[in-house]
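Please examine the sequence and the model below. The paragraphs that follow move from the surface to a pocket and then to a pair of charged side chains.

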Amino acid sequence: MTTSTQDAGIGETPAKEAKTASERNRPGCDLVNNPCISKGSTALDVTDEEWHQVLDANLNGVWRCARNVGGQMVARGIGTLVNVGSMYAMNVNRPRWQSAYLAS
């Protein structure tokens with residue numbers, strides 16, 4: 001089993017990783033998306049830069065990886081995609097010091 005960790009917030013990395021997986025000639029391709037970066041700021045204190053950095057990794061990174069690796073899965077007719085979410089989708093974090101993370 002080959003495991004790869006990457007920073008999906010960087011636009012070219014998911015495509016490069018998908019290509020690398022394809023070059024390994026694996027019979028199937030599996031992806032577990034488990035994004036998580038957070039900045040400890042209240043909603044009133046989070047900067048635009050922090051907000052965009054968190055959402056870029058936690059939302060756009062998942063999309064980029066799923067799109068790129070998903071294309072490999074469709075081409076091969078096999079594969080599994082698992083997106084892992086946060087427990088905060090069901091529980092409230094108090095006090096709320098992670099506004100961008102909780103939104104993502």
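Is Val-32 buried or exposed? In this predicted model, Val-32 has a relative accessible area of 57%, and because exposed means over 50%, Val-32 counts as exposed. The residue belongs to strand 1, which spans residues 30–33. Together with Val-82 and Val-84, Val-32 makes a nonpolar surface patch of about 220 Å².

Val-84 leads on to the second largest pocket. This pocket holds about 240 Å³ of space. Its lining consists of 14 residues, and those closest to the centre are Val-84, Gly-85, Ser-86, Tyr-101 and Ser-104. Two elements, helix 2 (48–76) and helix 3 (99–103), each give two or more residues to the lining. Helix 2 provides the largest share, with three residues. By residue class, the lining of the second largest pocket comprises nine nonpolar and five polar residues, with no charged residue among them.

Side chains of opposite charge can pair when their charged atoms come close. The structure holds one salt bridge, and its partners are Arg-64 and Asp-56, whose closest N and O atoms are 2.8 Å apart. Arg-64 has a relative accessibility of 17%; because buried means under 20%, Arg-64 counts as buried. Val-32 is exposed, whereas Arg-64, the arginine of the salt bridge, is buried.

Note on methods: Residues are numbered from 1 along each chain as its sequence is written. This is a predicted model: local features need pLDDT of at least 70, side-chain atom pairs count only at pLDDT 80 or more; totals for chains, interfaces and linings use all residues. Side-chain values use heavy atoms; hydrogens and water are left out. On a 1 Å grid over the protein atoms alone, a cavity is a set of points where a 1.4 Å probe fits but cannot get out, and a pocket is an open set with protein on both sides within 12 Å along at least five of seven lines; lining residues have an atom within 4 Å of a point. Grid points are joined across faces, edges and corners, and a volume is the space filled by probe spheres set on the points. Helices (H or I, at least four residues) and strands (E, at least two) are DSSP runs, numbered from the N terminus. Ala, Val, Leu, Ile, Met, Phe, Trp, Tyr, Cys and Pro count as nonpolar, Asp, Glu, Lys and Arg as charged, and the others, Gly among them, as polar. Patches are made of residues with over 30% relative accessible area and no salt bridge: like charges are joined within 9 Å, nonpolar side chains (Val, Leu, Ile, Met, Phe, Trp, Tyr) within 5 Å. Accessible areas come from the Shrake-Rupley method with a 1.4 Å probe; for residues, only the protein chains shown count as cover. A salt bridge is a side-chain nitrogen of Lys or Arg within 4 Å of a carboxyl oxygen of Asp or Glu. Buried means under 20% relative accessible area, exposed over 50%, partly exposed in between (1.4 Å probe, protein chains only).
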